[in-house]
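Hi everyone, thanks for letting me take a few minutes today. Please have a look at the sequence and the model on the screen, and then I'll walk you through the parts I liked.

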Amino acid sequence: MLVTRFRDAQPYTAPNHREMLGLRLQGFMKNGPTNQWVGLSQFLPGGGAGPDSTPIEKIYVVLEGEITIIINGTETVLSKYDSCTIPADEIREIINRRNNICIILVVMPYPPEVK
């Protein structure tokens, strides 16, 4: 078993994200998971990501606050404990339109070049 204490989680920078602090909870570490990694994204008010896509799918689980996800011009608001899967290559934009921080658990397989 590999335990990562929250106090020891390492920050990471995600491309095309703004006003976001990411913490790596699992993955990209010695003896860590072999199939996927898990991050915690903390979006400040007005923060977000995209519009862009990745060649791998991702799962978002909202732990606190609300986040707006825009895909093909359609906006969906996710609230606490709501989740979604974004398929590979789907262009999405996410925006925190609220005045409080939005915290999202992110689960993604490793990029092909990491395997």
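Which residues does Ile104 touch, once we set aside its neighbours within four places in sequence? In this predicted model, Ile104 is in contact with Gly39, Leu40, Ser41, Phe43, Tyr60, Val61, Val62 and Ile67.

The largest one has 21 residues, and the members touching the most others are Phe43, Tyr60, Ile67, Ile69, Ile94 and Ile104. Two or more residues each come from β3 (36–52), β4, β5 (67–71), β7 and β9. The biggest giver is β9, with 4 residues. There is also a second, separate core of 6 residues, including Ala9, Leu23, Val38 and Ile103. As background, nonpolar side chains in soluble globular proteins tend to be buried together.

Now let's look at β7. Which of its residues are on the covered face, and which on the uncovered one? Cys84 and Ile86 are on the covered face, while Ser83 and Thr85 are on the uncovered one. This strand pairs with β4 in the antiparallel sense, over 4 bridges.

Let's move on to charges. Side chains of opposite charge can pair when their charged atoms come close. How many salt bridges does a search of the whole structure find? It finds 5, and I'll show you some of them.

Take Glu93 and Arg18, whose closest N and O atoms are 3.5 Å apart. Glu93 sits in strand β8 (residues 92–95) and Arg18 in strand β2 (residues 17–26), so this pair ties together parts 75 residues apart in sequence. Arg18 is partly exposed, at 31% relative accessible area.

Next come Glu64 and Lys80, with 3.3 Å between the closest N and O atoms. Glu64 belongs to β4 (residues 58–64), and Lys80 to the loop between β6 (74–78) and β7 (83–86), so parts 16 residues apart in sequence are tied together. Glu64 is partly exposed, with a relative accessible area of 37%, and Lys80 is partly exposed too, with 39%.

My last pair is Arg97 and Glu75, where the closest N and O atoms are 2.5 Å apart. Arg97 is in the loop between β8 and β9 (102–109) and Glu75 is in strand β6, so the pair links parts 22 residues apart in sequence. Arg97 is partly exposed, at 46%, and Glu75 also counts as partly exposed, at 46% relative accessibility.

Note on methods. Residues numbered from 1 in each chain as written. Predicted model: local features only at pLDDT ≥ 70, side-chain atom pairs only at ≥ 80, totals over all residues. Heavy atoms only, no water. Salt bridge = Lys/Arg side-chain N within 4 Å of Asp/Glu carboxyl O. Buried < 20%, exposed > 50% of the residue type's maximum accessible area, 1.4 Å probe, protein only. Pairing = 2+ DSSP bridges. Core = buried A, V, L, I, M, F, W, Y, C linked by side-chain atoms within 4.5 Å. Contact = heavy atoms within 4.5 Å.
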